[in-house]
Amino acid sequence: MNEPMVGIPAYNEEDTIASVVFKALDHVDEVVVIDDGSTDCTARLAEKAGAHVIEHEINMGKGAAMNTLFEYARQKKVRALVTVDGDGQHPEHEITHLLSKVLDGKADIAIGSRFLEKKHTKKMPFYRRIGNKLLSVLTPTGKAKNHSNGKKGNVTDTQSGFRAYSRKAVRRIKPKESGIGVDSEILMIARKHRMNILEVPSTVSYEGKTSHQGPIGHTLDVISSIIRYIETKHSLLTFGVGGLIVFISGVVVAIRAMNMFQNSGMFPTGTAIIALLLLLVGLGSGMTGLILHAIMNAHRRGYE
């Protein structure tokens with residue numbers, strides 16, 4: 001079984017990538033950088049710093065880079081994988097501490113959280129605090145154990161890219177998202193497989209360039225990823241229940257239209273059209289849920 005590895009998804013990080021690789025190599029024997037179609041010298045500098053570099057020909061998004069990273073880690077059969085952003089935000093000196101949590105069997109996923117200690121949270125720009133809090137509330141994850149007090153609760157930092165994954169987690173996590181929403185998707189996958197999640201206090205540096213996407217775009221991308229995941233994994237519930245509610249509403253409006261016609265003798269065209277639309281939308285939504293549910297079941301059974 002191979003030793004732990006640090007993985008770094010990177011896009012145009014030539015200013016920081018060499019430093020991040022150098023510092024990470026103080027804690028593990030292998031660092032792999034997934035260069036996601038960078039147009040600068042990220043790949044060359046990472047390789048010179050000692051990293052194994054896998055290059056995407058074009059920019060495909062963080063999710064695609066993470067998928068490549070997990071696939072490589074599975075091929076290497078690593079004992080554990082630590083992910084670090086390439087922009088120098090994350091404290092590389094905390095890698096060993098985070099890594100120890102999965103190597104000791106205390107967690108399947110250990111997250112470096114910026115929200116467990118107020119002294120760390122205060123360093124975060126206000127708009128980031130609000131955005132990350134919102135996304136943490138919206139992401140349907142399993143419960144996480146707080147390393148600081150031992151209590152279990154909701155994940156406080158669903159958007160942290162500083163994480164350690166056990167061999168079990170590496171084997172089971174196969175992200176489908178191509179964009180920035182992959183961090184939330186991974187936690188939803190972890191919930192499905194009932195993985196143990198542990199949050200450890202972590203510091204973050206916000207000096208210099210820290211994101212290729214604005215806060216609004218980031219938030220919307222993550223929310224859309226959450227919706228897509230729920231739609232595909234719980235299609236019958238999402239479309240079926242919603243469709244049933246709309247269909248019942250259509251029936252109620254249709255009955256009302258019939259009563260209006262009986263009482264007045266005049267056909268309520270507007271009400272009838274609304275009833276018809278509700279009935280059609282409800283039926284369409286229900287059929288969509290059934291079809292998606294059938295497709296997902298067939299896919300899970302290995303059929304095309």
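Ile8 is buried, its relative accessible area being 0%. Buried here means under 20% relative accessible area, exposed means over 50%, and partly exposed lies in between, with a 1.4 Å probe and protein chains only. This is a predicted model, in which local features need pLDDT of at least 70 and side-chain atom pairs count only at pLDDT 80 or more, while totals for chains, interfaces and linings use all residues. Residues are numbered from 1 along each chain as its sequence is written, and side-chain values use heavy atoms, with hydrogens and water left out.

Ile8 belongs to strand E1 (residues 5-10). Strands (E, at least two residues) and helices (H or I, at least four) are DSSP runs, numbered from the N terminus. Leaving aside residues up to four places away in sequence, Ile8 touches several others, including Ile17, Val20, Val33, Leu69 and Val84. Contact means heavy atoms within 4.5 Å. Ile8 and Thr83 are 75 residues apart in sequence, yet their C-alpha atoms are 5.8 Å apart in space.

Helix H4 (residues 95-103) also has buried residues: Ile95, Leu98, Leu99, Lys101 and Val102. Viewed down the axis of H4, these fall within an arc of 150°, so they line one face of the helix. The arc is taken from the directions that run from the helix axis to the C-beta atoms. An α-helix has 3.6 residues a turn, so residues three or four places apart point the same way. The buried residues of H4 pack against E1, helix H1 (17-24) and the strands E4 (80-83), E5 (109-113), E8 (163-166) and E9 (197-201). After H4 comes Gly105, with a positive phi near 80°.

Asp87 sits in the loop between E4 and H4. Asp87 is buried, with a relative accessible area of 10%. The side chain of Asp87 makes a polar contact of 3.0 Å with that of Gln89. A polar contact is a pair of N or O atoms within 3.5 Å; within protein, one must be able to donate a hydrogen and the other to accept it, and residues adjacent in sequence count only if both atoms are side-chain atoms.

Salt bridges are counted when a side-chain nitrogen of Lys or Arg is within 4 Å of a carboxyl oxygen of Asp or Glu. The count by this rule is seven. Among them are these:

| Pair | N to O distance |
|---|---|
| Lys76 and Glu30 | 3.6 Å |
| Lys62 and Asp85 | 3.8 Å |
| Lys62 and Asp183 | 3.0 Å |

Lys62 is in helix H3 and Asp183 in helix H8 (residues 182-192), so this pair ties together parts that are 121 residues apart in sequence. Both Lys62 and Asp183 are buried. Through shared partners, salt bridges join Lys62, Asp85 and Asp183 into one network. Asp85 is buried as well.

Leu244 is part of helix H10 (residues 235-264).
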